[in-house]
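Open the model in your viewer and keep the selection panel at hand. The tour below goes from one selection to the next and says what is found at each stop.

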Amino acid sequence: MRTRLYSLDELDDIPGTKVFNAMRSRQAYHLHKFCMSLMDPANREAFRHDERAYLDRFRMSAEQKQAVLDRDFNQLIELGGNIYFLVKLSNTDGWSTQKAVGSMTGMTPDEYAAMMRAGGRPIEGNRSIKGKY
Amino acid sequence: MARITAGIATSHVPAIGAAFDLGRTQEPYWKPVFDGYEWVKQFEEREEPDVVILCYNDHASAMMLDVVPTFALGCAEEFAPADEGWGPRPVPTVMGDPVLAGHLAEQLVIDEFDLTLMNHLDVDHGLTVPLSLMFGKVEQWPVRVIPLAVNVTQFPTPSAERCWQLGAAIADAVQAYPPNLNVQIWGTGGMSHQLQGERAGLINPEFDNAFLDKLSNQTDDLRRVTRLEFLRESGSEGIELIMWLIMRGALGDNVEELYRFYHVPASNTAVGHIVLRPR
């Protein structure tokens, strides 16, 4: 056996973090196709015109489509999504990246912005679920 | 003979690009960020580099995950700014250097780095924000650019050590290039930030400043930082810092630190910037 510096299970030990890997990449392939399509102004227009009909052009799961309609970024990440793709959706909505990212924290946009101005979320207690450090 | 004369690292936050493009650089929130780049703008005017090898990551702009290249080298004559969902940034088209890129492609594969070669590549904020920070508002970029896109999206990314070794191989390849060119290498991305989930907004100034401190002459420590440690300590997107190690690996054992800047926050991110000179 080749040596490994740590078990990949440890990647699941980081609080509030889904490490985007090959399986998630596959799970979200069509969701990400949708996100990438929003790089075209005509597609953004079609999506705004009828979100549901536009989403039905893509082979995404029903849950993924609903999470897009709900702008539920935590759920989109739960369903395999990666933030670099998902910001194409929030950019289309005219949201700042900070608004999209902050929406996943349970804080209001103002509370989140204030936390960032005050130096961000501290690392203490946020490194490890098991180790609580 | 071509030579690498400086290594520059900087964060590449999209909101910095938006603030720049919308003329908001003097607003109270943004002024401290842009002030941190005044030194390097003067430096670049004096240095007049011919080519920049620019290590960055594509943020799902040119690369849908149909193909997931670990290291992708831009070989085209030019690279257009990408539309990331609100229109392309109003910045000049980035001009490449296909001859040097072709040389690098040959040398690096011969040296066991099995690169992906990109003959078409639109470039997003990861590449154009650093150009704006170094050169300001210009009609044309004053350098040719060879983009080197690194996978930091899909785990596993290349390791810190692998990035270092690639940098070292780039240095050898540049040195073996006959034309008399002033080449810089840039590492971009980082510093600590996390853009997902309930830990979003994570900033770790101790980790960031230790990284900056060690970048000059305690690099063995940085080469041993695992992916897990980057993710844990610097956030799920903080792992972009591996790209700084390609830059650093290309500068050789000894460097002089010419300038450093660190600021929190820009949007969700800790901004770090350093300028190094190989000795």
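## Stop one: a helix of chain B

Select residues 98-110 of chain B, which form helix α4 in this predicted model.

Next, show the side chains of B:Leu100, B:Ala101, B:Leu104 and B:Leu108, which are buried residues of α4(B). Around the axis they cover an arc of only 100 degrees, and therefore they sit on the same side of α4(B).

Which exposed residues does it carry? They are B:Val99, B:Glu106 and B:Ile110.

Stay on the helix and pick B:Gly102, which also lies in α4 of chain B. Is B:Gly102 buried or partly exposed? It has 13 other C-beta atoms within 10 Å, and because a residue needs 20 or more to be buried and has 12 or fewer when exposed, B:Gly102 is partly exposed. Draw a distance from B:Gly102 to B:Leu117: the two are 15 residues apart in sequence, and their C-alpha atoms are 9.1 Å apart in space.

Before leaving, select B:Glu112, which follows α4(B) and has a positive phi, near 80 degrees.

## Stop two: a strand residue

Select B:Glu257, found in strand β9 of chain B. B:Glu257 has 14 C-beta neighbours inside 10 Å and so counts as partly exposed. Which residues is B:Glu257 in contact with, leaving aside its neighbours within four places in sequence? These are B:Ser216, B:Ile274 and B:Leu276.

## Stop three: where the chains touch

Show both chains and select the contact between them. Chain B brings 33 residues to this contact and chain A brings 49. On the side of chain B that touches chain A, the elements giving two or more residues are α1 (14-21), α9 (227-234) and β9 (255-266). Of these, α9(B) gives the most, with four residues. Colour this side of chain B by residue class to see 15 nonpolar, 12 polar and six charged residues. For the complex, the predictor gives an ipTM of 0.95 and a pTM of 0.97.

Chain B has 10 helices and 10 strands. Its radius of gyration is 17 Å, close to the 19 Å that the globule rule gives for 279 residues, so chain B is as compact as a globular protein of that length. Its C-alpha atoms fill a box of roughly 45 × 40 × 40 Å along the principal axes.

How much of chain B counts as buried? The share is 56% of the 279 residues. Among the contacts in chain B between residues at least 6 apart in sequence, 82% join residues at least 24 apart.

Last, colour chain B by confidence. The mean pLDDT of chain B is 97, and 100% of its residues reach 70 or more.

How values were computed:
Residues are numbered from 1 along each chain as its sequence is written. Chains are lettered from A and ligands numbered from 1 in the order in which they are written. Two residues are in contact if their C-beta atoms, placed from the backbone, lie within 7 Å. Ala, Val, Leu, Ile, Met, Phe, Trp, Tyr, Cys and Pro count as nonpolar, Asp, Glu, Lys and Arg as charged, and the others, Gly among them, as polar. The radius of gyration is taken over C-alpha atoms; the globule rule is 2.2 Å times the number of residues to the power 0.38. pLDDT is the predictor's confidence in each residue, from 0 to 100. The expected span of a helix is 1.5 Å times one less than its number of residues. The arc is that of the directions from the helix axis to the C-beta atoms.
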